[in-house]
Amino acid sequence: MAPFLFFFFTLCGAVSVSAADLFPNYPAIRTNVAFWEKVYSTYSINSAIIHDRNDLSKVYEVVQLMDRELPAASRVNKAMVTITTEKYERILQNLAAGKAPSTPSEQRVARMFKGSGSRQRMALAAESIRSQIGQKERFYEGVVRSGRYMSGIRAIFKASGLPSELAYLPHVESSFNTEAYSKAGASGIWQFTLGTGKQYMRIDDAVDERSDPFIAAEAAARYLRDGYEKLGSWPLALTAYNYGTAGIVRAREAKGGYERIFLEYREGNFGFASQNFYAEFLAAMHVAKKLESSQQVRLERPVQFVEYTLPGHIHINEVRRHFRLSDNTIKQYNPALLPAVYSGKKLLPSGYPLRLPADKNIRSLVTNVPRSYFRSSQIRDKYHQVKPGETLTRIAARHGLSVKVLAAANGLPHNAKIRIGQKLRIPPLTSAKTSSVRSPTLAATQSKQVKKSPPGSTKGPPSGTPLVLSAETSKIERISAN
């Protein structure tokens, strides 16, 4: 990995802009923002909100679910949601057909559709029922967890010249869970997919920087800045974070501003999730700020570490031995390192910013890592060409690997179909000895200036100024090997 880079914008002539101006709660989305605020702060994870997907003010019922930890809870809860959804589909269909409301549920639904054209609107609503699981407990846990990272992430966005409010985005994406992984393959608290992640971070058999909250925050800052420069507003840039910048550029060309896109644009895969993403962000920011200011909520302490940029490839055993650290401690500070590193199948790569506990002993040990520990090249993989009748399971067993490890090494789902002639990377089982390189040094902090500042940005540190990670500031410290 290249040394930590600071991005900041020159602010000559910049005008102070409030958060409300940068992240407006448009009239068109206020109902949606209010809905998501309740999802995050009121509705339990053991409840399902049955609502109209096109009008979030229409909540038909809140279903109380079984505790998901209980046996058969998933099956029972799914059935309860299905039964309730079908109940309101029938009610809406019957009312649309002209049946007079008689039950309390029918009367309550009928009151939601007063005015002209009510029967037509109810017929459409019967096809637009959606369920949403509450997030209250999960969101609260995410706010507590965010204490480890929030001040450091704010510092990264400040250094990038971006509004610090963007640091609340992981509440929507992952609840600040570093192990979050979606069905679409998005990973880490910033939920980068593999393809997008590779454009901004290092992802290979040894390291997946999507799992590192701070490295991925730098990538998120660059991605959001790129989106803002193309789209000209934070509502559009945030929507693009979910839907893709190219897609929102097309939406803007078709509809113009954010509100018309929200109300009218339904092309391609622009559906409920993308339409609501910015409203969810506003709701998450509002709820998180309230919890942060509450005396009843105790946030986790900011992480504290020093960062040592490796001058060569190094085996995990040498790191354990020299710094006298357990795997658990190394993993706590270095979530981007993959299992292949801990098993010795891969070396920690040259240039990787190794995170270490910030204490006096570590600072001393960093300055005298033996040069013989470092190798000039990574352990190489073998390749297997798929033959007729072979499967991932059979190939993995032949090479002493699990299907999960083999699939991950090739960027495939564990149940992927493979084709004859396809070349699969076979991760090595043992490390190889390679030649040593120069003695270790600590990477100097670099900075980069960018031509223009978005509204609401704040000036970052002067060029070449190192950031210092402490329990108070959660920034990054680089110590000198001299």
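Leaving aside neighbours within four places in sequence, which residues is N276 in contact with? Select N276 and look around it. The contacts are N32, W36 and L56. Keep in mind that this is a predicted model.

**Stop 1: N276 and its helix**

Stay on N276. Its helix is α14, which spans residues 272-293. Is N276 buried or exposed? N276 has a relative accessible area of 0%. Buried means under 20%, so N276 counts as buried.

**Stop 2: the largest nonpolar core**

Now colour the nonpolar core residues. The largest core holds 74 residues. Select I153, W190 and F281: these have the most contacts inside the core. Then show α14 again. Helix α14 gives the most to this core, with 12 residues.

Zoom in on F281. What does F281 touch, not counting residues up to four places away in sequence? Show F23, E165, L166, Y168, L169, V172 and L238. One of these partners is the glutamate E165.

**Stop 3: α3 against α5**

Two packed helices are described by the angle between their axes and the distance between the axes. Select residues 73-96 for α3 and residues 118-125 for α5. The axes lie 8 Å apart, at an angle of about 155°. Angles over 145 degrees count as roughly antiparallel, and α3 and α5 are therefore roughly antiparallel to each other. The crossing of α3 past α5 is left-handed.

Show side chains here. From α3, pick L92, L95 and A96. From α5, pick R119, M122, A123 and A125, which they meet. By class, this contact of α3 with α5 has 6 nonpolar residues, 1 charged and no polar.

**Stop 4: α10 against α12**

Finish with residues 213-231, helix α10, and residues 245-255, helix α12. How do these two helices cross, and within what distance do their axes come? The axes come within 10 Å and cross at roughly 20°. Angles under 35 degrees count as roughly parallel, so α10 and α12 are roughly parallel to each other. The crossing of α10 past α12 is right-handed.

On the α10 side, select Y223, G227, K230 and L231. On the α12 side, select T245, I248, V249 and R252. The residues of this contact of α10 with α12 divide into 4 nonpolar, 2 polar and 2 charged.

Methods. Residues are numbered from 1 along each chain as its sequence is written. This is a predicted model: local features need pLDDT of at least 70, side-chain atom pairs count only at pLDDT 80 or more; totals for chains, interfaces and linings use all residues. Side-chain values use heavy atoms; hydrogens and water are left out. Axes are lines fitted to C-alpha atoms, for helices over the stretch in contact, and angles run from 0 to 180 degrees between N-to-C directions. Helices (H or I, at least four residues) and strands (E, at least two) are DSSP runs, numbered from the N terminus. Angles under 35 degrees count as roughly parallel, over 145 as roughly antiparallel, 65 to 115 as roughly perpendicular and the rest as oblique. A crossing is left-handed if the near helix is turned anticlockwise from the far one by less than a right angle, and right-handed if clockwise. Contact means heavy atoms within 4.5 Å. Ala, Val, Leu, Ile, Met, Phe, Trp, Tyr, Cys and Pro count as nonpolar, Asp, Glu, Lys and Arg as charged, and the others, Gly among them, as polar. A nonpolar core is a set of buried Ala, Val, Leu, Ile, Met, Phe, Trp, Tyr and Cys residues joined through side-chain atoms within 4.5 Å. Buried means under 20% relative accessible area, exposed over 50%, partly exposed in between (1.4 Å probe, protein chains only).
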